[in-house]
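I set down here, entry by entry, what I looked up in one structure. The entries are meant for a reader who is new to it.

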Amino acid sequence: MRPSRRLVILLGYWCLAALAVSAARIWLPRAADGLAAAWWCAGALLLGAALLDWLVGRKVWGAEGERRLPGNLALGVENRVRLTLRNFGPRPLALLVSDQLPDQLHSRALPRRAQLDCNQEVEIDYPLVPHHRGRADFGRIEVLADAPWGLWQKKVLLGEPQMVKVYPNFLGISSLQALSTEQSLRYLGLHQQQRRGEGMDFRQLREYRRGDSQRQVDWRASARMRKLISREYQDERDQEIVYMLDCGRRMRTKDGELSHFDHALNALLLSAYVAIKQGDAVGLHAFATGGGDGELPPVKGEGGINLLLNHVYDLHSGTAHSDFSGAAQQLLARHQRRALVILVTNLRDEDSDELLAAVQLLSRRHLVMVASLRETALDNLVREPVRDFDSAIDRTAARDFLHRRARLLQQLRARNVLVVDSEPAQLHMALVESYWRLKRSGRI
């Protein structure tokens, strides 16, 4: 039990009245005795009321609570939580409702007031935004129940502790699940460069359609059916894509609300979903991790993306240096079959020697793509006008850094390495577009 704001205010007024009684003894001595008696009576009444209210309000019977959470939470996306409160006790309850939230979740809509009559139920919805991935452990629903006269508040814990997983932002995947491959690409703003039916693997024979090329026409089947019949092909399936994800300290760089690592995970999941939908297998090899299991053999099929989501939701970047050569050797030891290896990192010019050696090692067996996240703060700095000497130095340093970085990317391209250089928020588009270009060209 703790005193309520009402009791504190009444005690404050009673103390102020003591000053008035003291002043009356100086200026109105005849009325001072009556005022003093009234002051003592008021104090006795307040003490009695507080004692009686404490005795009645120290027990809260019949209060129940339940929390309803979404099945999963997406990083940086507002979610709704519903609290259901019930009163089966003998008296109405005035409650100040809060919730014991995990550290990685924040809400500005609590605490909330609720009034519960006997045998009444009330629901409270509040928004919740996750700021970190991983396991989120909720405590219990925490309420302060007012005593009948509102002079005391009793802390009561309702409901049970709960756990929910905070995943990378998977809402982009959810919006694509009901769409075909062509619709998904249009939704992402991408366009296929090759016409329908001109993939790599034979799929079926079908009736000729306007726009089909002559190379697609099966003349024997057309003669047998006495109408034009076209061969329809599909892109080659059952290929492997392995994401080699850098979890080193450089990926902790913030870009907006999310780190480069979280942007990379979002892009990885969306592009992996497109690949799985095409019939390919997707695997993960993370290195320099700060927590979580960074190894997942290639998986395919409808359940593949869920398996990948559950594997990376608690994967975190660490503070270690990114050892590209060591990671390349580990990947070669574990993945013998030829695959498209996509190295997702944040390149710096000081990485040139180690990175080039790692890429050369991987290229002996795999097709290698390097996807690097640009730091938008540096791009913005270069575009800003020069105002003084300090800003001129900052801009010159940024231009020099970007120039040396561009030279490293050019060295990678000269070694026939595919390069994706993108701002973090646009990386998912760049990865899907590059994958689709490789797919349609028959390189994977």
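**Basis.** I worked from a predicted model, in which local features need pLDDT of at least 70 and side-chain atom pairs count only at pLDDT 80 or more, while totals for chains, interfaces and linings use all residues. Residues are numbered from 1 along each chain as its sequence is written, and side-chain values use heavy atoms, with hydrogens and water left out.

**Aromatic rings.** I looked up the aromatic pairs, taking rings of Phe, Tyr and Trp (its six-membered ring) as paired if their centres lie within 6.5 Å; planes under 30 degrees apart count as stacked, over 60 as edge-to-face and the rest as tilted. The count by this rule is 4 aromatic pairs. One of them joins tryptophan 14 and tryptophan 39: the ring centres are 4.3 Å apart and the planes stand at 5°, so I recorded the pair as stacked. This pair links distant parts of the chain, since tryptophan 14 belongs to helix H1 (residues 5-27) and tryptophan 39 to helix H2 (residues 29-57), 25 residues apart. Helices (H or I, at least four residues) and strands (E, at least two) are DSSP runs, numbered from the N terminus.

I then noted a further contact of tryptophan 39, with tryptophan 40: the centres are 4.7 Å apart and the planes at 75°, so this pair is edge-to-face. Trp14, Trp39 and Trp40 form one aromatic cluster.

How covered are these residues? For such entries, buried means under 20% relative accessible area, exposed over 50%, and partly exposed in between (1.4 Å probe, protein chains only). Tryptophan 14 is partly exposed at 23% relative accessibility, tryptophan 39 is buried at 16%, and tryptophan 40 is exposed at 56%.

**Nonpolar patch.** I found a nonpolar surface patch of about 640 Å², made by Met1, Leu51, Leu52, Trp54, Leu55, Val56 and Trp149. Patches are made of residues with over 30% relative accessible area and no salt bridge; like charges are joined within 9 Å, and nonpolar side chains (Val, Leu, Ile, Met, Phe, Trp, Tyr) within 5 Å. A salt bridge is a side-chain nitrogen of Lys or Arg within 4 Å of a carboxyl oxygen of Asp or Glu. Areas come from the Shrake-Rupley method with a 1.4 Å probe; for residues, only the protein chains shown count as cover. Tryptophan 54 lies in helix H2 and is partly exposed, at 33% relative accessibility.

**Open sheet.** In what order do the 5 strands of the open sheet lie? I read the order as S1-S11-S10-S5-S7, with antiparallel pairing. Strand S1 (2-3) and strand S7 (112-116) are the edge strands, each pairing on one side only. Two strands pair if DSSP finds at least two bridges between them. Strand S5 (residues 93-99) runs antiparallel to S7 and is joined to it by 5 bridges; leucine 95 has alanine 114 in S7 as its bridge partner.

**Around S7.** I noted a cis peptide bond between leucine 110 and proline 111, with omega about 0°. Proline 111 sits in the loop between strand S6 (105-106) and S7. In the loop between S7 and strand S8 (120-130) I found asparagine 119, which has a positive phi of about 55° although it is not a glycine. Asparagine 119 is exposed, with a relative accessible area of 62%.

**Leucine 128.** This residue is in strand S8 and is buried, at 0% relative accessible area.

**Helix H6.** I counted 17 of the 18 residues as buried, so H6 is largely enclosed by the rest of the structure. Just after H6, glycine 279 takes a positive phi of about 95°.

**Strand S24.** Strand S24 (residues 418-422) is mostly covered, with 4 of its 5 residues buried. Strand S23 (residues 367-373) runs parallel to S24 and is joined to it by 5 bridges; methionine 369 has leucine 418 as its partner in S24. In the loop between helix H11 (389-414) and S24 lies asparagine 416. Its phi is near 65°, a positive value in a residue other than glycine, and asparagine 416 is exposed at 66% relative accessibility.
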